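Notebook open, viewer open. I want to look up how the pieces of this fold pack together, and jot things down as I go.

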Amino acid sequence: MTAQLEVQGRRFEVSNPDKVLYPDAGYRKQDVLDYYRSVAEAMVPHTSGKPLTLRRFPDGIDEGGFFQKEASDHFPDWIRVVSVPQRGERGVVHHVVLDDPATLLYLAGQACLEFHIGLATVDDLERPVLVVLDLDPPDGVSLTELREVVRRMCERFRDAGLEPHVQATGGRGFHVAAPLRAEREFDEVRADLRELAERAVRDEPDRLTVEQRKDKRGDRIFLDTNRNAYGQTMIAPYSLRARPGAPAATPLDLDEISRAEPQSYGLANMARRLAQKNDPWAGMRPG
């Protein structure tokens, strides 16, 4: 079974729209398409101009999926694809760039549930426009404690001259991000963020860690700076996650931290949220 879809004058077929992709909740591919149509206006400005990595689940989240960087040959020629050199390797990867709702809906029709974006634009791949700290809690950390750490990391961002923005990841934790002017290369940006994280660990060694190995973190919250590197990615704002219940990465106002959860919003309620409030990251501008 196929369905015809038209978005912004682009027509394409979607196969198996009734295919169940989230078995626990019964959400079908059509539900995923409807979700991405509802968030496209808010989501596309955050993905535009950045190399995209797809995470596709043709048989649903219970059957395993795959990450895809190289654009498929069968993608229509109206989808923007750019060549991204591979650092330390020969050749390039041809990444999709998600600049418009038609591309978003086409990829959702290809069972892409998660959209991961680079932190630099294709115009200057060496200099990021975002810096991101991923707060990854282990099992057993209370939501109250996690929220407190998010607030304190926002304060540290401000002390460093950065404008903090918070995102519930739709997974286990939160991101604290800030816009950059694309003036410095990744290595310098990551080194500064690592120093900020290490200072936080020195102040709270029993609560926080920058230890890479999980078996050495204990019950401490991991301050992950590793996304701030050439070729690395973060989950795009408003992207669904391949997790039970179809949660989504959700930008938050800072005053929402005290009541937000990492999986507060998703396919079931994001459209209602966006109907009631503007995108909290809509005003994000280069720092």
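I count a contact when heavy atoms are within 4.5 Å. This is a predicted model, so I keep local features to pLDDT of at least 70 and side-chain atom pairs to pLDDT 80 or more, while totals for chains, interfaces and linings use all residues. Residues are numbered from 1 along each chain as its sequence is written, and side-chain values use heavy atoms, with hydrogens and water left out.

**Entry: the cores**

I started with Y36 and asked what it touches. Skipping residues up to four places away in sequence, Y36 touches M43, L104, L105, A108, C112, L113, F115, Y238, S239 and L240. For burial I use relative accessible area: under 20% is buried, over 50% exposed, and in between partly exposed (1.4 Å probe, protein chains only). The largest core has 60 residues, and Y36 and F115 touch the most other members. Helix α1 (residues 29–47) is the top contributor to this core, with nine residues. There is also a second, separate core of 30 residues, with F174, A178, A197 and L208 among its members.

My element labels are DSSP runs numbered from the N terminus: helices are H or I of at least four residues, strands are E of at least two.

**Entry: helix pairs**

For axes I take lines fitted to C-alpha atoms, for helices over the stretch in contact, with angles from 0 to 180 degrees between N-to-C directions. Angles under 35 degrees I call roughly parallel, over 145 roughly antiparallel, 65 to 115 roughly perpendicular, and the rest oblique.

How do α1 and α2 cross, and at what angle? The axes of α1 and helix α2 (residues 101–109) come within 9 Å and cross at roughly 155 degrees, so the two are roughly antiparallel. On the α1 side I find K29, V32, L33, Y36, R37, A40, M43 and V44, meeting P101, L104, L105, A108 and G109 of α2.

Next I checked α3 and α4, which pack at about 130 degrees with axes 11 Å apart. That angle makes α3 oblique to α4. The contact residues are M153, R156 and F157 from α3, and L193, L196, R199, A200 and D203 from α4.

**Entry: the sheet**

Strands count as paired if DSSP finds at least two bridges between them. I traced an open, mixed sheet of six strands, ordered β13-β14-β10-β12-β11-β16. β13 (208–209) and β16 (250–252) are the edges, each with a single partner strand, so one side of each has no neighbour in the sheet. Helix α3 (residues 143–159) packs on this sheet, touching β10, β11 (165–168), β12 (174–179), β13 and β14, and its direction makes about 15 degrees with that of β12. Helix α4 (residues 186–203) lies across β10, β13 and β14, at about 35 degrees to β10. β10 (residues 130–136) and β14 (residues 221–224) are antiparallel over three bridges, and D136 has F222 in β14 as its bridge partner.

Beyond its neighbours within four places in sequence, V82 contacts V93, H94, H95, V97 and V122. β7 runs antiparallel to β8 (residues 92–97), joined by five bridges, and S83 has H94 as its bridge partner. Six residues lie between the strands, and in this hairpin G88 takes a positive phi near 80 degrees.

Key:
Core = buried A, V, L, I, M, F, W, Y, C linked by side-chain atoms within 4.5 Å.
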